[in-house]
Amino acid sequence: MTDVVAQGTFDILHPGHVHYLSDAAAMGDRLHVIVARDRNVTHKPSPILSDGQRRRMVDALDVVDEARLGHPEDIFVPIERIDPDVIVLGYDQHHDEADLRSALRSRGVDCRVERASARDPPADELTSTGRIVERIVERRC
């Protein structure tokens with residue numbers, strides 16, 4: 001069995017998230033998703049939805065076999081516990097693949113690191129939480 005890990009914030013689920021997770025699921029037999037804890041999201045604005053709510057929403061998706069919250073201090077702890085064959089990054093996630101491979105090796109995790117494919121969404125589709133929030137503010141405020 002091929003275990004795959006995908007990870008992210010998943011704040012306000014949108015079609016881009018579904019594409020990423022579907023792509024990741026297609027790379028193996030079992031998809032584990034690690035949802036970032038609120039306090040660990042430092043590379044963009046804080047999530048709007050709580051980490052528990054985001055985890056429950058991701059877990060409800062058919063392509064996801066198991067969703068769990070990330071570790072509060074060490075992002076590699078859940079990866080070590082899952083011991084995946086593949087880690088799939090979103091096509092636009094900020095992670096550097098070479099740095100990630102190096103960190104995984106140093107922790108004894110032997111797995112491939114792949115990138116999900118990009119997609120060409122329809123013109124009317126919002127595929128980022130930031131754009132969804134901007135639209136809400138524009139229309140409701």
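User: Why is Phe-10 called buried?
Analyst: Its relative accessible area is 3%. Buried means under 20%, exposed over 50%, and partly exposed in between, with a 1.4 Å probe and protein chains only. The value of 3% falls under the buried cut-off, so Phe-10 is buried. This is a predicted model: local features need pLDDT of at least 70, side-chain atom pairs count only at pLDDT 80 or more, and totals for chains, interfaces and linings use all residues. Residues are numbered from 1 along each chain as its sequence is written, and side-chain values use heavy atoms, leaving out hydrogens and water.

User: What makes the backbone at Phe-10 worth a look?
Analyst: Phe-10 has a positive phi of about 60 degrees, yet it is not a glycine. Phe-10 sits in the loop between strand 1 (3-8) and helix 1 (15-25). Ile-12 is placed in the loop between strand 1 and helix 1 too. Phi of Ile-12 is also positive, near 55 degrees, and Ile-12 is a residue other than glycine.

User: How do you know how many helices and strands there are?
Analyst: They are DSSP runs, numbered from the N terminus: helices are H or I with at least four residues, strands are E with at least two. The protein comes to five helices and five strands. From the N terminus on, the order is β-α-β-α-β-α-β-α-β-α.

User: What makes the radius of gyration agree with a compact globule?
Analyst: The radius is taken over C-alpha atoms, and the globule rule is 2.2 Å times the number of residues to the power 0.38. For 141 residues a compact globule would come near 14 Å; the protein has 15 Å, so the two agree. The C-alpha trace spans about 50 × 30 × 30 Å along its principal axes. Of the 141 residues, 36% count as buried.

User: Why is Val-86 called buried, and what does it touch?
Analyst: Val-86 has a relative accessible area of 0%, so it is buried. Val-86 lies in strand 4 (residues 86-89). Contact means heavy atoms within 4.5 Å. Not counting residues up to four places away in sequence, Val-86 touches Thr-2, Asp-3, Val-4, Val-5, Met-27, Cys-111, Arg-112 and Glu-114. Asp-3 is 83 residues from Val-86 along the chain, with 6.6 Å between their C-alpha atoms.

User: How many disulfides are there, and how do you know?
Analyst: A disulfide is a covalent bond between the sulfur atoms of two cysteines. The rule asks for a pair of cysteine sulfur atoms within 2.5 Å. By this rule the count is zero.

User: Are Cys-111 and Cys-141 buried or exposed, and why?
Analyst: Cys-111 has 17% relative accessibility, so it counts as buried. Cys-141 has a relative accessible area of 79%, so it is exposed.

User: Why is Ala-25 called partly exposed?
Analyst: Its relative accessibility is 21%, so it counts as partly exposed. Ala-25 is in helix 1. Leaving aside neighbours within four places in sequence, Ala-25 contacts Leu-31 and Val-63. The C-alpha atoms of Ala-25 and Val-64 are separated by 7.3 Å, at 39 residues apart along the chain.

User: What makes Asp-65 partly exposed, and where is it?
Analyst: The relative accessible area of Asp-65 is 39%, so it is partly exposed. Asp-65 is in the loop between helix 2 (51-59) and strand 3 (66-69). Beyond neighbours within four places in sequence, Asp-65 is in contact with Asp-29, Arg-30, Leu-31 and Asp-59. Its C-alpha atom is 6.0 Å from that of Arg-30, 35 residues apart along the chain.

User: Which side chains count as charged, and how far apart are the centres of the two sets?
Analyst: Lys and Arg count as positive, Asp and Glu as negative; His and the chain ends are not counted. Each charge is placed at NZ of Lys, CZ of Arg, CG of Asp or CD of Glu. The protein has 19 positive and 26 negative side chains, with the centres of the two sets 4 Å apart.
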